Amino acid sequence: MKTITRRNFNSLTVKGIGGAAFLSSAPFACAMGAHQDKKKLGIALVGLGSYSTYQLAPALQDTQYCYLAGIVTGTPEKEKIWADKYGIPEKNIYNYQNFDDIANNEDIDVVYVVLPNSLHAEFSIRAAKAGKHVICEKPMGMSVAECDAIINACEEAGVKLGMGYRLHSEPYTQQVKEFVREKTFGDILFVSADAAYRSTGNPNQWRLNKELSGGGALMNMGVYAVQSTIYGTGENPISVAAQEFSTRPEYFKETDETITAQFEFPSGAVGNITSSHNFNANAMYASGTSGWFRLQPANNYGPLSGVTSNGDEIKFPHESQQKLQMDDFARHVLFNEPNKAPGEMGKRDMMIVEAIYKSISNGGETIALDFEPGFGFGG
């Protein structure tokens, strides 16, 4: 079985886009030239839950263009723990009440909002008004209106906005995009994507509280599946119809348990997604006119894995997706490199999520979607 590696993938990419990929992965002094004297960006994590604790903070110990400069927490006990572990000075530690004072802190360049969904808009907007660049975790907000408010606030403040969409920075997803762009397996006719896990723990967790989460599996895992169909076809959908299923209503009292949806794309391709908090699923599959490819797993923290109809294994050395993502955003800020996951991408996905919920409330009605060509696609 032939293996698609980082080495030959990068070679193909350089040929395809004129060497830009080479520059983005080259050593700092070589690739950046006159920019090599630029400092690393200081990132403050807002919200110190499991994702910040076990993914983002460790990743920031290995990033090349940014570092963990500060924290924002509503739990005083965490302040000393994090300060001692990561050497964070007291002046870079904030709570939710004095957060706006961050505007006066030159150590902090980027605020990464890692809070429950209902707080994404508030703290993204406050960060922008404080003059800080913003990374917002998914989903971008509770509604399209909140997404617009975040985008507008960042534009008015003249700061950069990125989504915490880690997959756009890792090589398996980049390889999928390359397959689609180069028509390696012909024109894509069908895509399916599954993103799910079984929730059996605390039924009072914020993800199962609609007031805090805005929704269930779709708002949490479903965004990955929606994204897979989009970069698996290279198109935004033009319509969606959806269905919701619940087999444990005593546990999922307020939020959706399992949702399936069917998309149609401008080329005529179709796509199916499944998102759930009731079973484990993690895959994407695309079928074209001259073959197919599959990632399984496709959207966890890695390592991912893939195979094609040619018998080729898709395999890359594992790196922290969060490290790659945050370095990509830092390069966007420092060197004006393309933003791989801009705010418009988060807004587009929320428009699709709202259409899915509308379809479900209307008994599975097909809902039309209307996007400008390329809207929401990152660099």
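This is a predicted model: local features need pLDDT of at least 70, side-chain atom pairs count only at pLDDT 80 or more; totals for chains, interfaces and linings use all residues.

1. Just after H7, Gly158 adopts a positive phi of about 70°.

2. Helix H7 itself covers residues 144–157, which is 14 residues. From its first C-alpha to its last, H7 reaches 20 Å, close to the 20 Å expected at 1.5 Å a residue.

3. The buried residues of H7 are Val144, Cys147, Ile150, Ile151, Ala153 and Cys154. What covers these buried residues includes two helices, H6 (120–129) and H12 (343–361), together with the strands S6 (133–136) and S7 (161–163).

4. For H6 and H7 the angle is about 5°, and the axes are 9 Å apart. Because angles under 35 degrees count as roughly parallel, H6 is roughly parallel to H7.

5. On the H6 side of this contact are His120, Ala121, Ser124, Ile125 and Ala128, which meet Glu146, Ala149, Ile150, Ala153, Cys154 and Ala157 on the H7 side. Sorted by class, the contact of H6 with H7 has 8 nonpolar, 2 polar and 1 charged residues. Ile150, Ala153 and Cys154, which take part in this contact, are also among the buried residues of H7.

6. How many disulfides does the structure hold? The number is 0, and Cys154 accordingly is in no disulfide, with the nearest cysteine sulfur, that of Cys136, 9.0 Å away.

7. Some backbone features deserve a separate check, because most residues other than glycine have a negative phi, and most peptide bonds are trans. A cis peptide bond joins Lys138 and Pro139, with omega about -15°, and Pro139 is placed in the loop between S6 and H7. Another cis peptide bond joins Gln296 and Pro297, where omega is about 0°; Pro297 lies in the loop between strand S13 (291–295) and strand S14 (306–308).

8. Which backbone angle is positive at Lys183, although it is not a glycine? For Lys183 it is phi, at about 55°, and this residue sits in the loop between helix H8 (171–182) and strand S8 (188–198). Asn336, likewise not a glycine, has a positive phi of about 60° and lies in the loop between H11 and H12. At 58% relative accessibility, Asn336 counts as exposed, the cut-off for that class being over 50%.

9. Pro338 also belongs to the loop between helix H11 (321–335) and H12. Is Pro338 buried or exposed? Pro338 is exposed, with a relative accessible area of 53%. Leaving aside residues up to four places away in sequence, Pro338 touches His332 and Gly379. The C-alpha atoms of Pro338 and Gly378 are separated by 7.3 Å, although these residues are 40 residues apart along the chain.

Terms used: Residues are numbered from 1 along each chain as its sequence is written. Side-chain values use heavy atoms; hydrogens and water are left out. Helices (H or I, at least four residues) and strands (E, at least two) are DSSP runs, numbered from the N terminus. The expected span of a helix is 1.5 Å times one less than its number of residues. Buried means under 20% relative accessible area, exposed over 50%, partly exposed in between (1.4 Å probe, protein chains only). Contact means heavy atoms within 4.5 Å. Axes are lines fitted to C-alpha atoms, for helices over the stretch in contact, and angles run from 0 to 180 degrees between N-to-C directions. Angles under 35 degrees count as roughly parallel, over 145 as roughly antiparallel, 65 to 115 as roughly perpendicular and the rest as oblique. Ala, Val, Leu, Ile, Met, Phe, Trp, Tyr, Cys and Pro count as nonpolar, Asp, Glu, Lys and Arg as charged, and the others, Gly among them, as polar. A disulfide is a pair of cysteine sulfur atoms within 2.5 Å.
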